[in-house]
Amino acid sequence: MEVINAIGRRKSSVARIYMKEGTGKITINKKDLTEYFPSAILQYVVKQPLNLLEVAEKYDIKVNLNGGGFTGQSQALRLAIARALVKVNAEDKKTLKNQGFLTRDSRAVERKKPGQPKARRRFQFSKR
């Protein structure tokens with residue numbers, strides 16, 4: 001199997017991954033998964049598509065992650081992994097799609113409008 005690459009985005013985070021057959025090692029920005037995401041919840045989020053298809057120990061994944069915070073980064077990485085798994089085996093698409101791992105979460109911060117303190121918040125109205 002050759003190297004398969006995929007991209008995942010969430011908020012302002014971008015995850016570019018390179019997946020090949022191996023032992024299940026995930027390297028993010030030249031650091032191990034447990035070192036980059038110390039939180040067990042974020043590690044779980046990243047591994048969700050691999051655990052669903054029971055291929056966690058089958059592929060080595062090298063990741064370039066940049067932008068955003070740790071939650072957005074972990075979700076961008078989850079999307080990229082799910083997309084790469086579909087490239088490997090197209091029959092897994094239905095399973096991943098039913099769990100929502102192939103849907104790009106397009107929610108982002110709404111811009112601040114001029115003449116207002118925040119995006120929706122307005123200054124206090126005074127009748128007199």
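**Reading a predicted model**

Me: How far should the 19 residues of helix α3 span at 1.5 Å a residue, and how far apart are its end C-alpha atoms?

Reply: This is a predicted model. The expected span of a helix is 1.5 Å times one less than its number of residues. For α3, residues 70-88, that comes to 27 Å, and the end C-alpha atoms lie 27 Å apart, so the two agree.

Me: Which residues in α3 are buried?

Reply: Buried means under 20% relative accessible area, and exposed means over 50%. Among the buried residues of α3 are G72, Q73, L77, I81 and V86.

Me: Is F70 buried or exposed?

Reply: F70 belongs to helix α3. Its relative accessible area is 56%, so F70 is exposed. The C-alpha atom of F70 is 29 Å from that of Q116, a residue 46 positions away along the chain.

Me: How many salt bridges does the structure hold?

Reply: A salt bridge needs a side-chain nitrogen of Lys or Arg within 4 Å of a carboxyl oxygen of Asp or Glu. The structure holds four. One of them joins D105 and R10, with the closest N and O atoms 3.4 Å apart. This pair links distant parts of the chain, since D105 is in the segment after α4 (93-99) and R10 is in strand β1, 95 residues apart.

Me: Which residues are linked in a network of salt bridges?

Reply: R10, D105 and R107 are linked in such a network. Between R107 and D105 the closest N and O atoms are 2.8 Å apart. R10 has 8% relative accessibility and therefore counts as buried. D105, at 24%, is partly exposed, and R107, at 57%, is exposed.

Me: What is the N to O distance in the salt bridge of K113 and E110?

Reply: For K113 and E110 the distance is 2.7 Å. K113 is partly exposed at 22%, and E110 is partly exposed at 39%.

Me: Which residues gather in a patch of positive charge on the surface?

Reply: Lys and Arg count as positive. The patch here consists of R9, R83, K87 and R104. R9 lies in strand β1, residues 4-10, and is partly exposed, with a relative accessible area of 40%.

Me: What is phi of N29, and what is phi of E54?

Reply: The value to look at is a positive phi in a residue other than glycine. Phi of N29 is near 45 degrees, and phi of E54 is near 55 degrees. N29 sits in the loop between β3 (26-28) and β4 (31-32), whereas E54 sits in the loop between α2 (40-52) and β5 (59-66). N29 is partly exposed at 31%, and E54 is exposed at 72%.

Note on methods. Residues numbered from 1 in each chain as written. Predicted model: local features only at pLDDT ≥ 70, side-chain atom pairs only at ≥ 80, totals over all residues. Heavy atoms only, no water. Helix = DSSP H or I, 4+ residues; strand = E, 2+ residues; numbered from the N terminus. Buried < 20%, exposed > 50% of the residue type's maximum accessible area, 1.4 Å probe, protein only. Patch = residues over 30% accessible without salt bridge, like charges linked within 9 Å, V, L, I, M, F, W, Y side chains within 5 Å. Areas by Shrake-Rupley, 256 points an atom, 1.4 Å probe, with all protein chains shown as cover. Charge placed at Lys NZ, Arg CZ, Asp CG, Glu CD.
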